[in-house]
Amino acid sequence: MAGRFNVVIPAYQAKETLGRCLKGLIDGGVDRQQIIVVDDGSPDESGQIAKAAGVTVIRNETSLRPAKARNRGVELCQEEIVVFVDADVVPHPEAAQRLVAAFDDPSISAVFGSYDDKPEAPSVVSRYRNLLHFHVHQNTDPEAETFWTGLGAVRRNRFSEVGELDSDWENIEDVEFGLRLRAAGDRIRLIPEAQGSHLKDWTLGSMFKTDLFGRAVPWTRLIQAGRMPPSTLNGSMQHRLSALCVLGLLFAVFGALWAPMLLLLALIFVCLFIGINAKFLAVLYRAGGLRLAIGALPFHAIHYVAALLGYAKVRLGA
């Protein structure tokens with residue numbers, strides 16, 4: 001697979017995962033000379049690990065954060081296609097090839113893949129959060145409205161012409177970039193078969209913080225600005241109904257302190273929530289049996305609590 005594309009990997013405190021990420025790419029046939037690791041001011045051995053793997057390494061003396069790190073990596077790219085990979089993602093052997101092959105269609109400007117359904121982190125919250133991403137990307141229209149840099153690729157000329165990644169939209173800078181591409185008339189394609197294993201070990205706190213401040217708040221701002229269709233990815237009707245069920249459940253449980261009969265209404269909302277999310281619960285069941293499917297339900301509800309709070313925060317101008 002030599003030539004035609006470069007791989008850009010931003011790395012910050014990635015010593016636990018970067019080596020496996022690079023090995024996944026190299027084992028999949030990517031030439032070391034095609035890979036550029038941006039050591040984003042890491043205080044750990046991330047840069048040394050990349051150098052030991054024989055790939056190109058550039059270092060930021062202080063952390064510029066992922067958007068600017070990726071932009072700097074693209075500046076060194078010589079090939080027509082840039083493949084982005086997160087340092088905590090291990091691409092499947094055929095992932096890069098599948099992404100790059102999509103550019104045989106000259107109308108396509110960018111593509112992205114998906115996490116796989118076998119996350120390694122053992123905790124329920126980690127398995128839940130990574131499988132949620134897998135489920136959303138596996139059940140989304142291939143003609144995408146957004147972009148994803150966790151495992152995605154873009155034509156280098158379009159990346160420069162549209163205006164690279166905007167660090168003002170940190171955490172969803174790739175989504176915002178994809179919206180600019182689509183506004184310019186470009187096609188973005190989701191390739192669900194191009195997958196990678198996500199190695200991140202989530203906690204309830206990191207999940208809630210990410211879902212609230214890193215996803216819901218900027219996502220709502222994009223919708224409020226008229227730049228993103230409300231039905232995109234996590235804004236689909238299923239997700240909106242799920243959020244309403246969680247909101248109704250919270251009101252019913254709180255109201256039951258004065259009117260215990262409202263507990264019956266709370267049970268109805270729980271049943272509706274389960275029914276609406278039956279396909280996702282089936283994914284959880286296949287991955288970890290009934291224990292995971294049931295154990296993940298509270299985290300899924302908390303995911304929507306974060307979404308509701310983020311929506312309210314933006315709408316109320318807080």
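**Helix packing, cores and selected residues**

Helices H8 and H12 pack with their axes 8 Å apart and at an angle of about 40 degrees, where axes are lines fitted to C-alpha atoms, for helices over the stretch in contact, and angles run from 0 to 180 degrees between N-to-C directions. H8 is therefore oblique to H12, given that angles under 35 degrees count as roughly parallel, over 145 as roughly antiparallel, 65 to 115 as roughly perpendicular and the rest as oblique. The model is a predicted one, in which local features need pLDDT of at least 70 and side-chain atom pairs count only at pLDDT 80 or more, while totals for chains, interfaces and linings use all residues. Residues are numbered from 1 along each chain as its sequence is written, and side-chain values use heavy atoms, with hydrogens and water left out. Helices (H or I, at least four residues) and strands (E, at least two) are DSSP runs, numbered from the N terminus.

The crossing of H8 past H12 is right-handed; a crossing has this hand if the near helix is turned clockwise from the far one by less than a right angle, and is left-handed if the turn is anticlockwise. On the H8 side, the residues that meet H12 include Leu204, Met207, Phe208, Asp211 and Leu212, and among their partners in H12 are Phe299, Ile302, His303, Val305 and Ala306. Contact here means heavy atoms within 4.5 Å. By class, the contact of H8 with H12 holds 15 nonpolar, four polar and four charged residues, where Ala, Val, Leu, Ile, Met, Phe, Trp, Tyr, Cys and Pro count as nonpolar, Asp, Glu, Lys and Arg as charged, and the others, Gly among them, as polar.

Helix H12 (residues 297-315) also meets helix H5 (residues 124-138), the two axes coming within 9 Å and crossing at roughly 60 degrees. This angle makes H5 oblique to H12, and the crossing of the two helices is right-handed. The contact is formed by Val124, Val125, Tyr128 and Leu132 of H5 together with Phe299, His300 and His303 of H12, and these residues divide into five nonpolar, two polar and no charged.

A further partner of H12 is helix H11 (residues 278-295), which packs against H12 at an angle of about 115 degrees with the axes 10 Å apart. From H11 the contact draws on Phe280, Leu281, Ala293, Ile294 and Gly295, and from H12 on Leu297, Pro298, Phe299 and His300. Seven of the residues in the contact of H11 with H12 are nonpolar and two are polar, with no charged residue.

The largest nonpolar core has 57 residues, and those with the most contacts inside it are Ile9 and Ile35; such a core is a set of buried Ala, Val, Leu, Ile, Met, Phe, Trp, Tyr and Cys residues joined through side-chain atoms within 4.5 Å. Buried means under 20% relative accessible area, exposed over 50%, and partly exposed in between (1.4 Å probe, protein chains only). When neighbours within four places in sequence are left aside, isoleucine 35 is in contact with Val7, Ile9, Leu22, Leu25, Ile26, Val30, Val55 and Thr56. A second, separate core of 16 residues includes Val136, Leu281, Val283 and Ala296.

Among individual residues, glycine 214 lies in helix H8 (residues 204-224) and, at 2% relative accessibility, counts as buried. Although glycine 214 and glycine 310 are 96 residues apart in sequence, their C-alpha atoms are 9.4 Å apart in space. Glycine 214 touches Asn171, Ile172 and Lys209, not counting residues up to four places away in sequence. Serine 109, placed in strand S6 (residues 108-115), is likewise buried, with a relative accessibility of 7%. With residues up to four places away again not counted, the residues touched by serine 109 include Phe103, Ala153, Val154 and Arg155.

Most residues other than glycine have a negative phi. Arginine 65, in helix H3 (residues 65-75), has a positive phi of about 80 degrees although it is not a glycine, and at 40% relative accessibility this arginine counts as partly exposed. Glutamate 164, found in the loop between helix H6 (156-162) and helix H7 (173-183), has a positive phi of about 45 degrees and is partly exposed, with a relative accessible area of 34%.
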